[in-house]
Amino acid sequence: MGSPLVCLLFLQIAFICAVPSCPSGDSIVEWKKYLNNNFYLSNHDIWDQIEKKRNVGLFNNQYVTTLSETMKACRDILYFSSFGACDGTSDKTIEMYLKSAHWRGVMVEAFPSNIAALTNILADRGALQRSLVLEAAAMEECDGPTVSLRSPVAEPDDSSKPHWLRRQSSSVVTQEQAEKNKLFPKVWKLTDVRCMTGLAVMKEFDSRFSDEAPPPPSLRRRTDILKIDVEGSSVPVRVYW
């Protein structure tokens with residue numbers, strides 16, 4: 001058995017070798033190196049697990065982790081956009097965001113109780129100053145300044161109710177649907193929330209971080225990681241991208 005010093009040195013070297021380097025000084029150039037068969041083959045065990053388990057979440061985690069480490073190695077900022085961020089407690093990408101000081105994020109959420117909980121988590125974890133939190137419903141188009149948000153009549157902090165019912169069951173409804181829901185006040189509650197398009201969200205994102213990194217000429221800050229979970233509106237929101 002080798003000495004503790006030699007073993008420790010070996011572990012340190014192994015760790016350093018496992019972390020992406022940045023010889024070109026350009027995070028995009030370095031990231032492209034991973035988008036080939038060699039990357040797949042060198043991480044075959046991980047991808048094999050993903051394929052066998054049909055685990056999309058595992059694939060996403062590996063993808064995001066590799067991208068994040070590459071951007072960090074190049075001393076670059078990683079921009080994260082989350083539409084339907086919920087309360088920040090059940091999202092592995094948001095959990096990684098909280099741990100990664102080189103990330104900057106915009107988080108869009110329509111449900112007021114979720115916004116309060118999300119803001120508290122960001123503040124408690126020291127990530128609020130690098131975040132833009134928008135209380136709004138993300139839509140392809142906005143016919144007016146607000147839209148109607150329908151949510152179950154369940155106390156958001158009532159732990160006796162499942163998380164999905166308290167925090168993840170809100171959805172935007174049409175005026176006709178809203179009128180029908182008013183007939184069942186013990187089941188549904190309606191809230192008017194701000195309506196924002198993807199373009200409007202990204203313009204605010206640009207403005208928020210313009211002092212740290214000037215926005216591009218197109219006024220569309222590059223989104224490195226985009227996550228959409230907006231209860232039936234994913235396709236309309238994705239139209240912007």
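Trainee: In which sense do S1 and S2 pair, and over how many bridges?
Mentor: Keeping in mind that this is a predicted model, S1 and S2 pair in the parallel sense, and the pairing extends over six bridges. If you want a position to look at, Ser81 stands opposite Val106 in S2.

Trainee: And what joins S2 to S3?
Mentor: Strand S2, residues 103-109, is joined to strand S3, residues 131-135, by five bridges, and these two strands run parallel. Glu109 stands opposite Glu135 in S3.

Trainee: Let's switch to Ile225. Where does it sit, and is it buried or exposed?
Mentor: Ile225 belongs to strand S8, which covers residues 225-228. Its relative accessible area is 7%, and because the cut-off for buried is under 20%, Ile225 counts as buried.

Trainee: What is Ile225 in contact with, if I leave aside its neighbours within four places in sequence?
Mentor: With those set aside, Ile225 is in contact with Val64, Leu67, Leu78, Tyr79, Phe80, Ser81, Thr93 and Trp103.

Trainee: Which residues touch the most other members in the largest nonpolar core?
Mentor: That core has 16 residues, and the ones that touch the most other members are Leu78, Phe80, Tyr97, Trp103, Met107, Leu122 and Ile225. The elements giving two or more residues to this core are H5, S1, helix H6 (92-99), S2 and H7. There is also a second, separate core of 15 residues, which includes Val106, Val108, Ala136 and Phe205.

Trainee: Now the cysteines. How many disulfides does the structure hold?
Mentor: The structure holds two disulfides, and with bonded cysteines counted along the chain they follow the pattern 1-2, 3-4.

Trainee: What about the link of Cys22 and Cys74?
Mentor: Cys22 and Cys74 form a disulfide in which the sulfur atoms are 1.9 Å apart, and with 105 degrees about the S-S bond the link is right-handed. This pair links distant parts of the chain, 52 residues apart, with Cys22 in the loop between helix H1 (4-18) and helix H2 (27-32) and Cys74 in the loop between helix H5 (56-73) and strand S1 (78-83). Cys22 counts as buried at 18% relative accessibility, and Cys74 is buried too, with a relative accessible area of 12%.

Trainee: And Cys142 with Cys195, how far apart are their sulfur atoms?
Mentor: The sulfur atoms of Cys142 and Cys195 are 2.1 Å apart in this disulfide, and the link is left-handed, with -85 degrees about the S-S bond. Here again distant parts of the chain are linked, 53 residues apart: Cys142 is in the loop between strand S4 (137-139) and strand S5 (146-152), and Cys195 is in strand S7, residues 188-197. Cys142 counts as partly exposed at 29% relative accessibility, whereas Cys195 counts as buried at 9%.

Trainee: Last one: how many helices and strands are in the chain?
Mentor: There are 11 helices and eight strands in the chain, and buried residues make up 38% of its 241 residues. Among contacts with a separation of 6 or more, 71% are accounted for by residues 24 or more positions apart.

Definitions and conventions: Residues are numbered from 1 along each chain as its sequence is written. This is a predicted model: local features need pLDDT of at least 70, side-chain atom pairs count only at pLDDT 80 or more; totals for chains, interfaces and linings use all residues. Side-chain values use heavy atoms; hydrogens and water are left out. Helices (H or I, at least four residues) and strands (E, at least two) are DSSP runs, numbered from the N terminus. Buried means under 20% relative accessible area, exposed over 50%, partly exposed in between (1.4 Å probe, protein chains only). Contact means heavy atoms within 4.5 Å. A disulfide is a pair of cysteine sulfur atoms within 2.5 Å. Two strands pair if DSSP finds at least two bridges between them. A nonpolar core is a set of buried Ala, Val, Leu, Ile, Met, Phe, Trp, Tyr and Cys residues joined through side-chain atoms within 4.5 Å.
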